Amino acid sequence: MPFKRDRDDYAQHHPKSSRSSSSSTTTPPQFTWLERLWIVVVSLSYVLGYCIQISIIAERFSLEEPPANRSLYVIFFLLPHLTAGLKNLQYHYREASEEEDEGSSMGWIINIIFLPFSPMIRMVRAFRYGLGEKNDPDDGIRFVDEMVTAGVLRLFEVFLGDGPTLTLLMRDDVWGRSDDWSVQIMGPSNLIRCGPACQYDMQKPINFWTIFRMLFLLSKMAQCVTFYLVIVKRLQRLEHHEYYRHLKGPNARQGRLNIFATLLLYLAHFFFIGSRIMGYSMVSFTWGAWIYLIIGGHWLLNTAWHLITVLKSEGLKASRSVSSLIMGGIWLITLTNEQGGRQLGRFIIYYSLAFAESAICGWLWHTAMNGSGDFFAVKAPFATLVVFMIAVVAHLLYYALCHPGSPSLSSRGFLCCSGNRWDPIDEDGP
């Protein structure tokens, strides 16, 4: 059985002293041109996302007829960044207690002052370790470790911030402006109350910025979970390489994905997250506060599920419970599925629940909008399910063709809550 560290979530700092020199000398380089490109893309996405969210808040508070609950835009901007920053302080406290060079006053000052930008702190640290890999191979492994930590912090910010923000945007700028979209797509004559010569004045044109910011936030969420899954798979294989010797090819043994596999995984999450956002925004628009009942119930279910998958070894702890509560919120929109073990069964159960929830959202929308003549009354439920099915097909193609472990039904089984997170095919084998 693999050694299980005491950890409260899936990203854990490992001090340099715990690394084996024998394993690090045989580890291939981790910081290549592709990793440099990843850091640049992720950093630019992070900064642009920050600016877009600020611009959305400024716009919402400048409207003459502001949307309902506009303060939620502010809450979903500040709270996730604060949560990620506090999580980063927890990581830094652990590092400071394990390594002498991490406990300096300057390190604490940097982590406190730049608390709202905690993922960028980790990106800078990762870049520094990556550059130092030429002189010390252990820094290459530490680079991957820092990137995983940055990925966790970005999950907190993106899925607890950008996800709700995008839901509000779709509620206000898509479903709440159906007449504007009808005129933009079909022309003013398409409106029931307008004749062929009717002139319709939009309250605000559907311009490029309206569409771009929604697509960008959706793309950012898909990029975030793709980045996290790719890098955490790398770290798992670096730390437990003995369980992956049976895999063919160095990329499979190291958990590296090629460009096509990464793009396919990104598209799968892009469409799946899009279907989740569409469903929640539809219910929010038609049923108002009842959406919190659906989200709350699903959140509690996800939290319990997450606890089951990680508490097999050490039992219940407060910090671990808080992390599971946060991950339960993230699983509302996407499944990170990095625990290892019987991944296929977990994948099937999660997508089955997501499909059922999407169908319920579509039914609630149809119940409220039936006979209203709204432009999206019939289109929205079908669009949600179509987008969902595209995501399922893309994800199945990824598992069938591109997954580095080449999973199969016969070797994995369908048990969803395996206690083994490190994903060996045969736990008793070599």
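**A predicted helical chain: questions and answers**

UniProt, in an unreviewed entry, places the feature "transmembrane region" at residues 37-58, 70-86, 106-124, 211-231, 257-275, 287-308, 348-368 and 380-401; its positions are in the numbering used here, feature names are shortened, and annotations may be inferred rather than shown by experiment. This is a predicted model, in which local features need pLDDT of at least 70, side-chain atom pairs count only at pLDDT 80 or more, and totals for chains, interfaces and linings use all residues. Residues are numbered from 1 along each chain as its sequence is written, and side-chain values use heavy atoms, with hydrogens and water left out.

Visitor: How many helices and strands does the chain have?
Guide: Helices (H or I, at least four residues) and strands (E, at least two) are DSSP runs, numbered from the N terminus. By that count the secondary structure comes to 15 helices and zero strands.

Visitor: How far apart are the end C-alpha atoms of residues 211-231?
Guide: The span 211-231 is 100% helix and 0% strand. Its end C-alpha atoms lie at a separation of 30 Å.

Visitor: Which residues touch the most other members of the largest nonpolar core?
Guide: A nonpolar core is a set of buried Ala, Val, Leu, Ile, Met, Phe, Trp, Tyr and Cys residues joined through side-chain atoms within 4.5 Å. The largest one has 96 residues, and the members touching the most others are F159 and I330.

Visitor: Is G85 buried or exposed?
Guide: Buried means under 20% relative accessible area, exposed over 50%, partly exposed in between (1.4 Å probe, protein chains only). G85 lies in helix α3 (residues 71-98). Its relative accessible area is 0%, so G85 is buried.

Visitor: Which residues does G85 touch, not counting residues up to four places away in sequence?
Guide: Contact means heavy atoms within 4.5 Å. With that sequence limit, G85 touches L115 and S118.

Visitor: How far apart in space are G85 and E157, C-alpha to C-alpha?
Guide: In sequence, G85 and E157 are 72 residues apart. In space, the C-alpha to C-alpha distance is 9.3 Å.

Visitor: Is I110 buried, exposed or partly exposed?
Guide: I110 sits in helix α4 (residues 105-113). Because its relative accessible area is 35%, I110 counts as partly exposed.
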